[in-house]
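Please look over the sequence and the structure that follow, and then read on for a guided walk through some of the features that can be computed from the atoms.

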Amino acid sequence: MKMSERWPVSCLSMDGMDHPLKAKAKNCPLLPMLGRLMMIAVMLVATCASVHADAGEGQNLIANSGFDEAVSDGIPTGWEIQTARSEIARVSVDTTNSTTGRQSIRIDHRQPFYTRIEQLNIKVKPRTDYLVRFDCKVQNIRESTGSRGASLFIGNNGTLMSLLSRIQAESQPATPGWHTYSRVINTGSNQEIGICLTLHNAAGSVWFDNIQIMEMTPTLTQSLASERARQLIRPDLEAVRNLARETGNETVLARLKEIETSLATQSFPEAKDYTAGLPFFDLQAQLYELHGQMLQTKHPQKDLIISAVSPFARSSHLQASPTQINEPIKVIGLRNDVEQFALNFTNCSTSPVVVRSAVPAGVEMIVRRVVEVQSSIGMMDDALRRIYPDDKGQFSFEVPAGMTRQIWFEVTLDDQLGQKQVALEFQTDAKTFMQTIDLTVVDLAYPESMPLKTFSYVWPYARKITSGRIPQVAADLKKHHSNAWMNRRGQPLPGPVVENGQLVPEKMKWELVEKSLQDFPFQETFVYFIHENHLQYGPEIFRQWVREAVRGFAQRGIGYDKLLITCFDEPFSAEVKKIAEINKLIREADPKLRTYSNFHDALTKAEIKLLAESVDVIAPEYHQMTRANLSIIRQAGAELWAYRVQERSTLPEDVRLAFWKLHEAGVKGYSVWAYAEDKDGWNMPDGTSFYNMIYDGDKQDLTPSKRWEAWREGIEDFALLDQLKARSPTTYREIIGRSHMNNLATLRAEVLNALTGNH
């Protein structure tokens, strides 16, 4: 996950309470933020020695994991306390509430704030899998912007200076009381790790107990695979049980009790292929068959029901009341536009059904199967796996018994204006279904250069999923209207080369810049990081280097209108002043060179004001685009961009809707974290956060997500809104004023009608 690298820290003290944990205040190191969405300005840091045993197989590496050992000077043995001001935060040992039988640790916040309890320098084996597990109970949690709620953070190198992994507890669990959270992590090159238990940027109470880190053994691996299977199967069991109760099917209810017993006692292997989609396990398939049996009764003489659905809406794989489509599907777009529609295929039988079809003649269409993946809030229909036709041009897919499978159709319209009608034929062994598609091309085209600058932290040469597929990545980014570029912070623009106290411009390394320009020639704006160490030779050398960098970019076709310079990502309070100082030097070197900065929720209003006055372009995180913050930015005269952190639980419809809000706010550039990370998006257990817009697993195709396609549609909506505002400001204001109602398909049709008046 994209992270800032330091955290400004203040040392405070606490007053006494019942079982208070008093921190020993020492010199405060700079600590990192706990992930991109975890920002707060003030913490108390205490340090005390912790002794950990050597990393042994099957042994819990956490000292005093249940907080049951003696409390010394207000601190449980083995733990360190970093907490907030005593008037709003308290940490205590609770002797009445525990999963281990004696005590737990409790954090109380009267208002949103940040508290942390940690162990550092825990010895581990490098490149080894470990189970991390803890018990957690929450009460009256109220999260503020950017909150990570109750979490366990795992840091690299025995510290908390960089993120290895994080497990976040539910702030509003469906059932009250204690819940267990777990994840398997790999230590990579680490010989030590650090952990902390946190209540971040939230009010309320949280209890932690039974903290475990254990090396994975074959026995533990099998146990975890079984528990993970149970977590995946339980929601399906409840869905089938709900339908059985609705229909009064006592036979199925009795069978579900037997399955529930098997679920609790049976061992399960790890799923063989998560890319294949549900069901993953035989017991899951049995549940789906029971679901199909009840659908047969509820929908007699209908083995397969085909329903039209919004392509960007979330859809369940177990649907009790599907509605048969009985009208043509309407697809309206611009000349050479890419549009999409989706169909749900619900199998109302107890056997799998294979559906066969073919792309109609004269239509350019890609067919994709929507695959359910795990997210931080459960299974989500997000991945869009391509279905390839056979030698005869037919494509096919299987719908398991009792299950709903969504198929996504991506249509590239031609430039022939008007309407044409085509038919999709779907065949099973028993029946044939015909579905009419009305394709309409209106007399509009998107501009060659989109009015919004967009990028997605691609870093194609550094990510496993993209590094060997640069031509595919370039084609995908172009299709999704990417027209801006940010370099990786670890690969900044060509730095100063100094010999004998003199700048040597001819030795500046431009290879990576030139490679990016060659591989991605459609990019129009470049946001380049510089490092603080570029200042190590003093202000004069720095100013000379800035002028030489500008000259080098110009020689490669990147002039002032295409270049932005930035020096910190998501700056903290202490870094805002540094940004102002660095940008002052940049302006002295070349007043025409523009500067850029983003910010999250770590800054005060005064710091946002200083930052906005120090840069030419400023990008608040999407949720920081408040009326007060936008007023500060406008008064400072900075150009407004924005960025957003989008976990895959983010609704695709919300991804698209954001572009309407951006247009209304006057945003000129927008970025998203992240196009790709080095994570296996198909296999993300225990609610792991996942930000990738694409998936791997297909050698011919970068598998998109619904969110990535919603991003593309959102950019196109933005371009249409731009045309509408220029042509009819009154109509624009009326339509944009209703965008909060989320009915974007209807609003987009109104925009097209206002621009053409002929459909």
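Predicted model: local features only at pLDDT ≥ 70, side-chain atom pairs only at ≥ 80, totals over all residues.

In general, a pair of aromatic rings is described by the distance of the centres and the angle of the planes.

A further edge-to-face pair is made by Tyr675 and Trp708, with 5.2 Å from centre to centre and 65 degrees between the planes. This pair links distant parts of the chain, for Tyr675 lies in the loop between β30 (669–673) and β31 (694–695), whereas Trp708 belongs to helix α12 (residues 706–727), and the two are 33 residues apart. Both Tyr675 and Trp708 are buried. The count of aromatic pairs comes to 29, and ring pairs also join Phe341, Phe345, Phe397, Phe409 and Phe426 into a cluster.

From the rings we turn to a sheet. Five strands, in the order β11-β13-β18-β15-β16, form an open sheet with antiparallel pairing. The strands β11 (304–309) and β16 (378–386) stand at the edges and have a single partner strand each, so that one side of each is left without a neighbour in the sheet. From one strand to the next, the twist averages 30 degrees. Strands of a sheet pair through backbone hydrogen bonds, either parallel or antiparallel. Within this sheet, β15 (residues 364–375) and β18 (residues 404–412) run antiparallel and are joined by six bridges, and Arg368 stands opposite Trp408 in β18.

The pocket holds about 760 Å³ of space and is lined by 26 residues, of which Ser310, Pro311, Lys330, Gln340 and Ala745 lie nearest its centre. By residue class, the lining of this second largest pocket divides into 15 nonpolar, five polar and six charged residues.

Technical notes. Residues numbered from 1 in each chain as written. Heavy atoms only, no water. Pairing = 2+ DSSP bridges. Helix = DSSP H or I, 4+ residues; strand = E, 2+ residues; numbered from the N terminus. Axes fitted to C-alpha atoms, helices over the stretch in contact; angles between N-to-C directions. 1 Å grid on protein atoms, 1.4 Å probe; cavity = no way out; pocket = protein on both sides within 12 Å on 5 of 7 lines; lining within 4 Å. Points joined across faces, edges and corners; volume = space filled by probe spheres on them. Nonpolar A, V, L, I, M, F, W, Y, C, P; charged D, E, K, R; others polar. Phe/Tyr/Trp six-rings, centres within 6.5 Å; stacked < 30°, edge-to-face > 60°. Buried < 20%, exposed > 50% of the residue type's maximum accessible area, 1.4 Å probe, protein only.
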